[in-house]
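Dear colleague,

Please find the structure below, handed over for your records. My findings follow directly after it.

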Amino acid sequence: MAAELVDLTHPVVSGMPVYPGDPGVELRAALTVEGEGVNVLAVHLGSQTGTHVDAPYHLDVRWPTLDGLPLELFTGPAVVVDLRGLPARGRVTAGHLAAALAVSGPGTVLLLATGWPRYWGTDRYFAHPYLTEEAAEAIVAAGVRTVGIDALSVDPTPDPGPSDPEVASLLAELADEHDPEPEQATLTAHRVLLGPEGGGVIAENLTDLSALLAAQAAGTPVEVSLFPLRLTAADGAPVRAVARIG
């Protein structure tokens, strides 16, 4: 039977969800067939837009940039962890990963299936499960250098607040010095996976991984490719993430 290719990439569209504080996405016609004889798209986006990979440089200017990493980090046989039973902001522990890491090692692409793509485009997407520090350390200890997740981040994402600008403005006016400080992003798992000991890459915002879980359960091999745009001296870049089943 012929191998099946599964696209794991969110479409890039104007106004799509981004990590709080990241550049917004805008696609518009720069040239048109009617006006100039050809269609050319002008694209404005951040390096962390949509389905993307993080390079170590994302966290520290002393760590490797995207273009300094070997291509082998962006492809390989996949091991998928079923975490779809976790609640909002659930902690992924080393125990959750133990069985998967027992059959993983250098060259493995470890994929974390939280089921969170079903919330794409909603406020709940920001409340995804995330890796604990010990879970990230267990991944590095197993020799895995490529990790992907079907959520916004491997670390907890701060609550972006109300999506309605009028509501956000009203709450800001009502706030005073007695209110708690806004939730801050913690990037502990990023630092472990991308740091000197980990030295790997992280793919985020993958789409639904259920087809890969089903193939794995049936004993069918799965390979994944996460090749990024070749951006010079970059912290990361969008990817076309594709799985090959069979």
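Among contacts in the chain with a separation of 6 or more, 75% join residues 24 or more positions apart; contact means heavy atoms within 4.5 Å. This is a predicted model, in which local features need pLDDT of at least 70 and side-chain atom pairs count only at pLDDT 80 or more, while totals for chains, interfaces and linings use all residues. Residues are numbered from 1 along each chain as its sequence is written, and side-chain values use heavy atoms, with hydrogens and water left out.

The chain has 6 helices and 13 strands, which are DSSP runs numbered from the N terminus (helices: H or I, at least four residues; strands: E, at least two). Of its 246 residues, 44% count as buried, that is, under 20% relative accessible area with a 1.4 Å probe, protein chains only.

Helix α2 (residues 94–102) packs against helix α3 (residues 133–141) at an angle of about 15 degrees, and their axes lie 9 Å apart. Because of this angle, α2 is roughly parallel to α3 (angles under 35 degrees count as such; axes are lines fitted to C-alpha atoms over the stretch in contact, and angles run from 0 to 180 degrees between N-to-C directions). On the α2 side the contact is made by A94, L97 and L101, and on the α3 side by E134, A135, A138 and I139.

T132 is located in the loop between β8 (130–131) and α3. T132 is buried, with a relative accessible area of 3%. Beyond its neighbours within four places in sequence, T132 is in contact with R91, V92, T93 and A94.

Yours sincerely

Notes. Angles under 35 degrees count as roughly parallel, over 145 as roughly antiparallel, 65 to 115 as roughly perpendicular and the rest as oblique. Buried means under 20% relative accessible area, exposed over 50%, partly exposed in between (1.4 Å probe, protein chains only).
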